[in-house]
Amino acid sequence: MARTNLFARILIYSALILAAIAFLAPFAWMVSTSLKPLNETMSLPPRWIPNEIHWENYPDAIREMRYFWRYAGNSLLLCLLSVVGTVASSALAAYGFSRIEWKGRDTVFVILLATMMIPFPVVMVPIYGLFKSLGWIGTFKPLWVPTFFAGAFNVFLLRQFFLGLPKDISEAARIDGCSEIGIFFRVILPLCKPALLVVALFQFLHTWNDFLGPLIYLTEQKDFTLALGLQSFQSQQGGTAWHHLMAASTLVVLPVIALFFFTQKSFIEGIATSGGKN
Amino acid sequence: MTGQERHNLRVGLLFISPWIVGFLVLCAYPLVSSVYFSLCDYSVLSPAVFIGAQNYRDLAADEVFWTALYNTFFFAALAIPLGLLVSLSLAVLLNFEARGRGFFRTVFFLPSLVPMVCLAVLWQWMLNGELGLVNSTINPVLDVFNHALGTHWQAPNWLAEARYAKWGIIFTVLWGVGNAVVIFLAGLQDVPRHLYESADIDGASFWQKTLHITLPVISPVIYFNMIMGLIGSFQVFAVPYVMTGGGDGPGRSLLFLATYLYQNAFDYWNMGYACAIGVILFAIILLLTLFATKLSERHVYYAGK
C-alpha cells in the first residue's frame, strides 16, 4: 500500500512512535532503576535520570546473588551443550524428513508435528521419574541430554530450509557415487549454514531463558542457571531492593540482547520461516 | 517394495533415528504413563498403586482445581485475542511504511527475547501499586479526570488485588508479542501487490482492502499464531510463579493449571494427582486446537487451493 496521503502518514507514524515508546519504556525503567540508590527508587513522581548514577548497584547485586558467576557459567555450559545437541540431531532428522523419499515419511512427519502440541507440564512427571531412576536429578544431564534427540520444532524449521534446495544437487552427487551421509555433510550442510545458525540461536535462547526445567531438576544452589538464580534472589529479597533486582535482571537480559544485535537478520528470518514463510 | 525403496527406507529411518528415540522416550512413553499415573496413587518415592478414577473424582470435588481451571480459561480467553489484535495491528502499521520499518520491528521484537523470570521481576516492579511505572503513568491522567469530574478514581494495586491480578499478567505477556509481529509482518509482505492495485483502481477503501484482501490472504498466518498462542497461554507458568514467589496470588487469583500441577507434583509429591491435571490440560489444548482447525477449514484461505 504505497500511496498514502500525508495525513494518513502522520497518523501511522504517531501510532508507531507511541507503540515504540510503550515497548521501550520497561527497558528504560529497568536500567534507570538499576542505577538509583534505594531511597530514590521510592520517590514519587519517579525520576528517569537518577540524581547520581550508582554503578556500584551492579557489583553489589552480583555479590548479593552469591553464585552469580557460577550461575552464568552453568547457563553458558548448558547453552553450549544443548546447541551442539540440537543442531546435530535436528539436522540429521530434518534431512531424513526432506531429502530422502521413503515410504510413510509424510505420515511420520505428521506425528512429529502433532508432538509440538504436547505441553511440557503434561509429560513432566513421568520424565522426572525416568531421570530420577537414572540418578540424574541434581545434575545437568536432564537439561542437555534430551537436546541430542531432535526436538520437533527445530526439525520442522530445518526441514523447511532443506526442502527449499533443488533436488538436482542431491541427484548429481548421487550419480557421482556420493553416499547419503556424504551428501548430507558435503552438499546440504554447507548450503544451510544460515538455517543451522537460526536453530542454534533459538536453542541458545531457549536454554538461557528456561525456568521450569532447571526448577525441577537442579537441587544445589551453586548448580542453578542464571534464570533460576535470579528467581531465587528475588524470592530471598521479598521484592524490596528493586535497584539490585533491576541490576541483576539487566545482567541476565543483556547477553541475549547483545546476541540478537549481532545476529538480527538470521533471527528475524528464522521466526518468519517458523510462521510458514518459504 | 523394490530394492531401492527398501534402501531408502533404511537410510531415511537411520537419519531420523535421533528423533525416533526422543519421540519414544521423551514423548510417547511419558504421555502414556502420564495417563496411567493419573489413575494411580504415585509419589515417585514409592511404586504407583492403581486406584482407578479416584484422582479425577477428587479433582471434580476440589475447589482449588476449579479455581485454577477458571483462571486459566479467563487468562487464555483474554490473552489470545488481545495478543493477536496487538501483534496484527503493529504488523499492519509496520507494513505501511518502508522507512524506519527495521527500527520499529526491532523495538517491537526485543521484549520477546527477555527471559520469563526477568519479565516477571521487571513487571512486578512496573505494576507496583505505589511506585510502579504503570500507575505513575495512569494516576496523573486519572487525576485530571478526578479534578474535572469530582471523582476519586485511582489505578489499582494490580498484583495485590484479586480482581486485577490476572490483568497484570496479561499486560506482562502482551509486552512479549514481538514474535507474532514478525510472523504477521512476513505474512503481510507476501500478499500479492497486484491485488491491492486492482482494488485501488476499483476505488476500494483501506477497510475494504483489509477485510477483503489482507485478512483472507494472511488467514493461515492468523491460524498459526492463534494455535501458538493457545498452546502457550494454557500452560502459563513461569510469570505467575515468579511474581507470586511460587504461591497462588491474592485470593488464589494467580493459580493456573500448570501452577497447580507443579505444586501437586513437587510441593506435595502427589504425582498421580498432578498427572490427572496434566491429562485434563492436554485434553483441553487438544480439543481447542481441533476446534480451531475445524473452524479454519471453513475460514482459512490457502493460495492455490
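Student: Which residues of helix 5 of chain B do Pro26(A), Trp29(A), Met30(A) and Thr33(A) in helix 1 of chain A meet?
Tutor: They meet Leu122(B), Trp125(B) and Met126(B). Bear in mind that this is a predicted model.

Student: How do the residues of that contact divide into nonpolar, polar and charged?
Tutor: Six are nonpolar and one is polar. None is charged.

Student: Zooming out, how many residues of chain B are in contact with chain A?
Tutor: 75 residues of chain B are, and they touch 79 residues of chain A.

Student: Which part of chain B gives the largest share of its side?
Tutor: Helix 1 of chain B, residues 3-37, with 20 residues.

Student: And how many residues on that side are nonpolar, polar or charged?
Tutor: On the side of chain B that touches chain A, 58 are nonpolar, 14 are polar and three are charged.

Student: New topic. What is the secondary structure of chain B?
Tutor: Chain B has 13 helices and two strands. Its C-alpha atoms fill a box of roughly 70 × 65 × 30 Å along the principal axes.

Student: How much of chain B is buried?
Tutor: 43% of its 305 residues.

Student: What about contacts in chain B between residues at least 6 apart in sequence?
Tutor: Of those, 69% join residues at least 24 apart.

Student: Over to chain A. Where is Phe204(A)?
Tutor: In helix 11 of chain A, residues 193-209.

Student: Is Phe204(A) buried or exposed, and why?
Tutor: Phe204(A) counts as buried because it has 22 C-beta neighbours inside 10 Å. The cut-off for buried is 20 or more.

Student: What does Phe204(A) touch, leaving out residues up to four places away in sequence?
Tutor: Cys79(A) and Val83(A). Val83(A) is 121 residues from Phe204(A) in sequence, but their C-alpha atoms are 6.1 Å apart in space.

Student: Which residues are buried in helix 15 of chain A?
Tutor: Helix 15 spans residues 264-274. Its buried residues include Ser266(A), Phe267(A) and Gly270(A).

Student: What do the buried residues of helix 15 pack against?
Tutor: In chain A, helix 8 (152-163), helix 11 and helix 14 (242-262). They also pack against helix 8 (178-189) of chain B.

How values were computed:
Residues numbered from 1 in each chain as written. Chains lettered and ligands numbered in written order. Predicted model: local features only at pLDDT ≥ 70, side-chain atom pairs only at ≥ 80, totals over all residues. Contact = placed C-beta atoms within 7 Å. Helix = DSSP H or I, 4+ residues; strand = E, 2+ residues; numbered from the N terminus. Nonpolar A, V, L, I, M, F, W, Y, C, P; charged D, E, K, R; others polar. Buried ≥ 20, exposed ≤ 12 C-beta atoms within 10 Å, placed from the backbone.
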